[in-house]
Amino acid sequence: MCDCMVCERIEQIKNGKNPYFVRELRTGYVVIGDHQRIKGYTLFLCRQHAEELHFLKPAFRDAFLHEMAVVAEAVYNAFRPDKLNYELLGAGKGLHMHWHIFPRTAGDTPRPGPVWQLGKELSAEEFLPDAAQLEDFRRRLNVELDKLL
Ligand SMILES: [Zn+2]
């Protein structure tokens, strides 16, 4: 069994047990962020377990980057931020590539800059979406993805 947090999430999607799941695309999966301190925070999980873009076959890599841009556009249209932040990070059991897409609005952090300055506040329990919010975000993202795909 693979010891990867992202593969685990994808397994849950395949088993119909991931309430954050929005849409399966050719190169990955669109999911809503676990915590919604930043409203509309969305992720795009790479279908392949790979840690770097250049580890992917070129055609798949290009399609993955293209689909990430489409997902980002859908997030933008669904949540109308001032600016999107795109991040491809990795740590611990989450080295498997996954894009963090944050719809940012002016003043959403104490200082201008990346959301990570919020530290534990980002994953505070009060920002766990409830079923109604998940349903709403899923619907909004799917409406926008339908227009773009
Ligand atoms: Zn993985």
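This is a predicted model: local features need pLDDT of at least 70, side-chain atom pairs count only at pLDDT 80 or more; totals for chains, interfaces and linings use all residues.

Trainee: In what order do the five strands of the open sheet lie?

Mentor: Strands of a sheet pair through backbone hydrogen bonds, either parallel or antiparallel. Here the order is β1-β2-β3-β5-β4, and the pairing is antiparallel. At the edges lie β1 (21-24) and β4 (83-88), each of which pairs on one side only. From one strand to the next, the twist averages 20°.

Trainee: How many bridges join β4 to β5?

Mentor: Six bridges join these antiparallel strands. To see one of the pairings, find asparagine 85, whose bridge partner in β5 is phenylalanine 102.

Trainee: Which strands does helix α2 touch where it packs on the sheet?

Mentor: Helix α2 (residues 58-79) touches β2, β3, β4 and β5, and its direction makes about 25° with that of β5. Helix α3 (residues 131-148) also packs on the sheet, where it touches β1, β2 and β3; its direction makes about 25° with that of β1.

Trainee: What span should the 22 residues of α2 have?

Mentor: At 1.5 Å a residue they should span 32 Å, and the end C-alpha atoms of α2 are 31 Å apart, which agrees.

Trainee: Which residues of α2 are buried?

Mentor: They are Phe64, Glu67, Met68, Val71, Ala74, Val75, Ala78 and Phe79. Because these residues cover an arc of only 125° around the axis, they lie on the same side of α2. They pack against β2, β3, β4, β5 and α3. The face turned away from that buried side carries the exposed residues Pro58 and Ala59. Just after α2, arginine 80 has a positive phi of about 45°.

Trainee: Which residues of helix α1 are buried?

Mentor: In α1 (residues 5-14), Val6, Arg9 and Ile10 are buried. Their arc around the axis is only 100°, so they are on the same side of α1. Their cover includes β2 (28-32), β3 (42-46) and β5 (98-104).

Trainee: Which residues have the most contacts inside the largest nonpolar core?

Mentor: In soluble globular proteins, nonpolar side chains tend to be buried together. The largest nonpolar core here has 29 residues, and those with the most contacts inside it are Val30, Val31, Phe44, Leu45 and Leu141. Two or more residues come from each of α1, β1, β2, β3, α2, β5 and α3. The largest share, seven residues, is that of α2. Leaving aside neighbours within four places in sequence, leucine 141 is in contact with Val22, Val30, Thr42, Ala74, Val75 and Ala78.

Methods. Residues are numbered from 1 along each chain as its sequence is written. A residue is buried if 20 or more other C-beta atoms lie within 10 Å of its own, exposed if 12 or fewer, and partly exposed in between; C-beta atoms are placed from the backbone. Helices (H or I, at least four residues) and strands (E, at least two) are DSSP runs, numbered from the N terminus. The arc is that of the directions from the helix axis to the C-beta atoms. Two residues are in contact if their C-beta atoms, placed from the backbone, lie within 7 Å. Two strands pair if DSSP finds at least two bridges between them. Axes are lines fitted to C-alpha atoms, for helices over the stretch in contact, and angles run from 0 to 180 degrees between N-to-C directions. A nonpolar core is a set of buried Ala, Val, Leu, Ile, Met, Phe, Trp, Tyr and Cys residues joined through C-beta atoms within 7 Å. The expected span of a helix is 1.5 Å times one less than its number of residues.
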